[in-house]
Amino acid sequence: MERKTRVHAEAGKQELLITREFDLPVELLFRAHTAPEIVEQWMGTKVLKLEGARHGSWQFETTDARGEVVFRANGVFHEFEPDRKITRTFEMENSPFAVQLEFLTFEKLTDNTSKLTMHIIFKSVELRDQLLKMPFAHGINMAHNQLEKIAAK
Amino acid sequence: MQSNGYIMNLRRDVFQAIADPTRRAILLLLASQSMTAGAIAANFDTARPTVSKHLQILTECELLEQEQNGREIYYHLNAVKMKEIADFIEPFRRMWDERFDKLEAVMIKLHTNK
């Protein structure tokens with residue numbers, strides 16, 4: 001399968017660029033980021049709160065089989081323009097990682113295709129690199145399968 | 001042959017070790033600092049002996065290292081081992097790729113069912 005998602009991380013910089021093109025109209029791509037029951041499906045986490053508006057806030061939580069919380073993250077929306085952009089903060093609770101600033105840009109390519117650009121700014125180069133080395137930090141519940149697949153190669 | 005089998009076992013153990021969500025949370029906690037078992041346990045609702053067991057498993061498969069500092073034993077990440085399980089960027093890219101694949105599938109399904 002072609003590599004649709006690109007991650008651009010320059011050495012020595014405290015930022016990261018994730019880009020991806022979708023076979024979806026830009027309206028659906030945006031909705032996937034704002035409807036809690038949809039976010040839950042593709043992010044694999046529970047959505048405790050998602051107020052999609054300027055000054056609104058969000059909170060996600062993942063629990064293990066015994067119901068213990070293993071991941072919780074939250075943030076605030078600074079900009080929220082339907083089908084165009086979301087600017088938000090991302091903070092993992094109970095972790096040494098500092099809050100991140102995320103700029104999400106939604107672009108219409110054709111009527112049925114769209115592009116998402118995530119520009120993430122970290123507090124330091126070290127924190128960015130640490131997060132890259134620990135992909136499960138960002139999506140703690142899915143890491144095992146991912147890493148196992150990579151190891152099997 | 002013998003050594004190959006050994007490496008395979010070791011490798012599987014590492015992935016078994018990080019299969020547990022609490023152990024992943026422990027690794028996350030130690031990402032930028034060394035901590036004692038007590039300080040680590042304070043971050044979980046789990047009983048202290050359970051946390052100790054997790055620390056033992058992580059130490060056995062070399063993801064964590066112990067360091068004696070006076071009377072206290074501090075745990076810290078073994079950077080070399082961590083690098084082994086997460087080759088820079090690619091696992092992170094894959095995570096987002098699979099996540100976005102799912103997003104696409106969910107929205108296509110939703111749209112079709114409308």
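The model is predicted, so local features need pLDDT of at least 70 and side-chain atom pairs count only at pLDDT 80 or more, while totals for chains, interfaces and linings use all residues. Residues are numbered from 1 along each chain as its sequence is written, chains are lettered from A and ligands numbered from 1 in the order in which they are written, and side-chain values use heavy atoms, with hydrogens and water left out.

**Chain A overall**

- Chain A has five helices and eight strands; helices (H or I, at least four residues) and strands (E, at least two) are DSSP runs, numbered from the N terminus.
- Going along the sequence, the pattern in chain A is β-β-α-α-β-β-β-β-β-β-α-α-α.
- Of the 153 residues in chain A, 50% are buried; buried is under 20% relative accessible area, exposed is over 50%, and partly exposed is in between (1.4 Å probe, protein chains only).
- Among the contacts in chain A with a separation of 6 or more, 41% join residues 24 or more positions apart; contact here means heavy atoms within 4.5 Å.

**The sheet in chain B**

- Chain B has an open sheet of three strands, ordered β1-β3-β2, with antiparallel pairing; two strands pair if DSSP finds at least two bridges between them.
- The edge strands are β1 (35–36) and β2 (64–69) of chain B, each with a single partner strand, so one side of each has no neighbour in the sheet.
- Six bridges link β2(B) and β3(B) in the antiparallel sense, and Glu67(B) has Tyr74(B) as its bridge partner in β3(B).

**Pocket and cavities**

- Here's how the voids are found: on a 1 Å grid over the protein atoms alone, a cavity is a set of points where a 1.4 Å probe fits but cannot get out, and a pocket is an open set with protein on both sides within 12 Å along at least five of seven lines; lining residues have an atom within 4 Å of a point.
- Grid points are joined across faces, edges and corners, and a volume is the space filled by probe spheres set on the points.
- The largest pocket holds about 320 Å³ of space. Its lining has 15 residues, with Val69(A), Val70(A), Phe71(A), Asn94(A) and Asn43(B) nearest the centre.
- Two elements give two or more residues to the lining of the largest pocket: β5 (69–81) of chain A and α2 (21–29) of chain B. The top contributor is β5(A), with four residues.
- By class, the lining of the largest pocket splits into eight nonpolar, three polar and four charged residues; Ala, Val, Leu, Ile, Met, Phe, Trp, Tyr, Cys and Pro count as nonpolar, Asp, Glu, Lys and Arg as charged, and the others, Gly among them, as polar.
- There are two cavities of 30 Å³ or more in the structure, and the largest cavity has a volume of about 160 Å³.
- The largest cavity has 17 lining residues, and His33(A), Trp42(A), Met43(A), Phe60(A) and Arg88(A) are nearest its centre. Their classes, across the whole lining, are 13 nonpolar, two polar and two charged.
- At least two lining residues of the largest cavity come from each of α2 (36–43), β4 (57–63), β6 (85–92) and β7 (100–110) of chain A, and from α6 (90–113) of chain B.

**Loop residues in chain A**

- Asn94(A), one of the residues nearest the centre of the largest pocket, sits in the loop between β6 and β7 of chain A.
- Phi of Asn94(A) is positive, near 60°. Most residues other than glycine have a negative phi.
- Asn112(A) is in the loop between β7 and β8 (113–121) of chain A and counts as exposed, at 51% relative accessibility.
- Asn112(A) and Asp23(A) are 89 residues apart along the chain, yet their C-alpha atoms are separated by 6.0 Å.
- Setting aside neighbours within four places in sequence, Asn112(A) contacts Phe22(A), Asp23(A), Leu24(A) and Pro25(A).

**Loop residues in chain B**

- Glu62(B) is in the loop between α4 (48–60) and β2 of chain B. Glu62(B) is partly exposed, at 38% relative accessible area, and has a positive phi near 70°.
- Cys61(B) is also in the loop between α4 and β2 of chain B, but is buried, at 6% relative accessible area.
- Asn78(B) lies in the loop between β3 (72–77) and α5 (79–85) of chain B and is buried, at 12% relative accessibility.
- A polar atom of the Asn78(B) side chain is 2.9 Å from the backbone oxygen of Glu62(B).
- Not counting residues up to four places away in sequence, Asn78(B) touches Glu62(B), Leu63(B), Leu64(B) and Glu65(B).

Definitions and conventions. A polar contact is a pair of N or O atoms within 3.5 Å; within protein, one must be able to donate a hydrogen and the other to accept it, and residues adjacent in sequence count only if both atoms are side-chain atoms.
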